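I opened this entry to look up how two chains meet. My notes follow the structure.

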Amino acid sequence: MSILLIIWWSCLALAGLSILAMGGLILQRSAWNRRDRRDAARRDHLKTLAWQLMEQPDRFLEFQHDLRAEDRRLLLHLFSDLLKKVTGKYADRFVRVMRMMGIVEECLIRLNDRQWTVRAESCSILSVFGDPAVKMALYRALDDPAIEVRVEAARALVRLGAVRSVMELIHYLVTEEGLPSLAVVDLFRNLGNGAVTELLELTRGETSDATKVLVIDALGHCNDLQAVPALLEFYAHPSKNVRLATLLSLGLLRDPRAAPAVLLAMTDSDWEVRTQAAITAGLIGLHEAIPLLEHMLEDDHWWVRYRAAEALYRVGGRGIEALYGASARAHRFAAEIAWGVLREKGLAA
Amino acid sequence: MILAFLNWRELFLSAVSLVDAWVLATLGLYAGCYLYQMVTALIEARRSLRQAKSITPWWMLSSKVTLPISLCVPAYNEEKTIVDSLRSLLALHYPDFEVIVCNDGSKDKTLQVLIDAFELKPSPRVYNLSVPCKPLRGVYSSARFPRLTVIDKENGGKSDAINGSVNLSRNPLVCVVDADSMLEPDALLRLVRPFIAEPEEMVAVGGKIRVVNGCEIRSGRVVQTGIPKQLLPLLQSVEYIRSFQIARLSWSQAQCVTIISGAFGLFKRSAVIEVGGFLHNTVGEDMELTVRLHRHYREKKINYKIRYLPDAICWTEVPASLKILRAQRSRWARGMLEVLYRHRSMIFSPRYGSAGVFGLGYFFIFDAVGPIIECLGYLIIPTCWLAGMLNTPFFLAYMGLLFAFGVFVSVGSLFLEELTTNERTKPRDLAILALAALVENFGYRQLNTLWRLESWYQFLRKKRGWGTMVRAGFTKQAAQRPV
């Protein structure tokens with residue numbers, strides 16, 4: 001076959017493919033649009049029925065009688081969506097209705113689905129059912145090949161208060177490389193007071209910096225002051241991220257025992273750590289930090305100066321006096337930032 | 001003498017064969033690149049879809065881990081559209097954001113319009129000049145709209161205005177948005193996802209720009225999507241889809257996104273400051289910053305990521321007149337040439353990884369050198385034909401192949417668009433877009449090439465400045481369709 005013929009055949013093939021693809025696309029879009037419109041209408045109808053059922057649970061048989069075979073798929077999406085938005089007694093009624101409809105059993109089966117989106121959605125729905133079988137299934141889902149399903153299963157377990165071990169969560173959710181995703185961070189923040197003992201144990205063990213950051217952050221959000229001594233072990237850690245997480249957590253717990261660590265961090269070589277130390281000093285209201293904060297107003301880095309000035313304002317009383325003093329100081333940096341913050345807070349014209 | 005003539009003829013025929021082979025090779029390279037891009041774009045589209053399903057907007061709204069964002073909006077002579085644009089931005093769905101508008105020394109009443117509409121008062125906000133910008137004349141805020149801050153500064157150009165907003169920002173992420181663009185209500189929730197998934201490495205994420213001409217707009221929002229009614233915006237729609245759905249998705253997959261559009265891009269604030277902010281004296285400031293970010297992180301050997309997301313949407317109006325389109329396209333191409341020249345050491349350099357070899361290499365071959373070769377072709381081919389030196393069947397076949405492949409690529413981009421879109425496109429609109437993909441090969445494509453060549457001339461003459469973009473305005477878009 002000559003080159004010329006090959007080119008013409010290629011043209012024909014490309015044109016044919018384009019026409020076929022475009023035709024297919026138009027037909028598919030047309031079918032999808034029809035299905036979407038039909039689903040939307042049916043979904044609205046089902047939503048109305050579901051709300052009626054919540055008000056009158058005795059109408060369950062009537063409701064079930066109205067259901068079509070394809071409605072279960074829509075109902076699962078609907079429940080998954082509404083569960084996130086409904087709270088209080090309506091949430092309880094909602095769960096009851098779902099249980100009556102056999103949603104639990106269906107979700108347990110769907111945990112073995114081929115598509116990860118279906119498995120993740122099932123985990124999300126199961127997060128309101130505390131049955132032993134559900135918990136066991138969620139434990140198994142922690143070992144799912146898709147990280148999205150593992151995160152959703154862990155989230156469900158946290159919501160149910162059924163986390164077996166924090167170490168297990170770390171094993172399935174945290175990799176050695178880089179900081180974990182904020183979704184995982186959020187999950188650990190919601191672990192609650194029950195996990196404090198294990199989190200404290202983890203701070204003593206040999207773990208990666210990423211894990212340390214996660215655990216320290218979780219301790220800061222658990223609102224338990226017994227975490228403070230453990231956190232104080234990390235304020236001089238070689239990793240900047242660990243030092244930052246420690247200061248952030250100490251600031252959240254607002255315990256004056258953190259004072260020595262915060263004062264030391266205020267002279268850290270890294271400007272981000274110094275900035276966080278100033279914020280923490282302001283949050284705790286450390287009066288003993290005032291001289292250092294005043295000194296920080298002369299820092300080379302603007303953010304350090306700004307956060308130091310803000311901290312002085314937060315400390316109040318002597319802190320604000322220090323700000324007034326600094327605004328009249330010969331040092332340009334200190335005077336500018338002190339004056340600026342005083343103006344911003346409405347304390348100077 | 002006859003022998004000499006025969007020798008010359010043979011020599012010429014050999015030359016023609018050589019040109020034929022060269023043309024085929026170029027076409028092969030072009031086709032190979034596009035096919036590669038289509039495959040990688042498909043992979044990236046699937047990855048984006050996966051992330052979209054795992055980090056849902058509802059979770060982001062209810063969790064406390066979403067990162068605060070400062071929307072930086074440069075405004076120059078925008079008195080007609082700025083209030084509507086800002087109302088739309090202030091109504092975005094995102095838990096924690098602020099809007100910092102920078103009035104870049106407008107000659108019209110932009111500032112006064114803002115003061116009146118949002119009841120602005122002078123604000124004593126403390127700020128640091130982390131990145132260079134012209135002196136600020138004032139900072140304003142509003143008690144009724146606490147998310148809004150307006151800066152008034154001396155005129156210094158778009159980059160200068162963005163830098164001014166970055167200087168006032170106190171949030172970890174800054175989002176650059178054009179004052180005349182419109183964001184989808186959940187665009188920020190979508191665009192921030194890569195920063196949630198990889199908080200340490202992610203430095204910039206670009207969103208998708210879509211053509212608003214032909215859409216129905218109410219209260220600063222697109223309520224009904226549609227395709228442009230006029231031919232020129234319609235052809236641009238196809239172009240935008242192809243550019244964003246194939247090239248950028250593919251670059252994102254290969255870690256070599258070299259443009260985060262200045263109309264809608266999210267950046268880590270510290271990264272922008274670290275590289276010195278947006279550069280003045282260039283009309284390609286968005287591409288320049290993206291390339292500089294690549295350069296900075298590659299040279300410092302720091303892990304980083306720059307991505308493009310196909311489902312975070314920003315709507316923009318495209319020119320409906322040839323004159324304005326020509327000015328816009330020449331400016332874009334000139335901006336690209338300026339960036340390539342400034343960062344010429346990165347082109348094809350393995351030191352800069354995929355960004356240098358594939359990202360800038362692609363721009364160099366297809367967008368810088370490509371138009372020159374194409375224009376040469378437009379000159380040489382008719383000359384050869386007139387002189388009877390052209391292998392006409394081969395030429396026709398070649399043109400047919402080029403045309404068929406162009407359409408195939410456009411259809412591929414429509415397919416990817418369908419894969420990543422959340423809306424119900426009308427089948428009729430799809431068919432019209434496919435037809436437009438055919439039509440654009442006759443005239444529009446050639447015009448674009450000429451404009452790019454013009455940009456070479458402007459670049460060599462060291463032309464500066466933006467020119468003007470006359471817009472119909474979003475309100476007029478709404479009037480095009482019955483409500």
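Predicted model: local features only at pLDDT ≥ 70, side-chain atom pairs only at ≥ 80, totals over all residues.

I began with polar contacts across the interface of chain B and chain A, and the rule finds seven residue pairs, both residues at pLDDT 80 or more. A polar contact here is a pair of N or O atoms within 3.5 Å; within protein, one must be able to donate a hydrogen and the other to accept it, and residues adjacent in sequence count only if both atoms are side-chain atoms.

Next I asked which elements of chain B give two or more residues to the side that touches chain A. They are helix 1 (2–54), helix 2 (57–62), helix 7 (193–197), helix 13 (392–420) and helix 14 (427–439). Helices are DSSP runs of H or I, at least four residues, numbered from the N terminus. Helix 13 of chain B gives the largest share, 15 residues.

Residues are numbered from 1 along each chain as its sequence is written, chains are lettered from A and ligands numbered from 1 in the order written, and side-chain values use heavy atoms, without hydrogens and water.

I then looked up contacts (heavy atoms within 4.5 Å). I found 47 residues of chain B in contact with 44 residues of chain A.

Last came salt bridges (a side-chain nitrogen of Lys or Arg within 4 Å of a carboxyl oxygen of Asp or Glu). I count two between chain B and chain A. Arg170(B) and Glu344(A) form one, at 2.6 Å, N to O.
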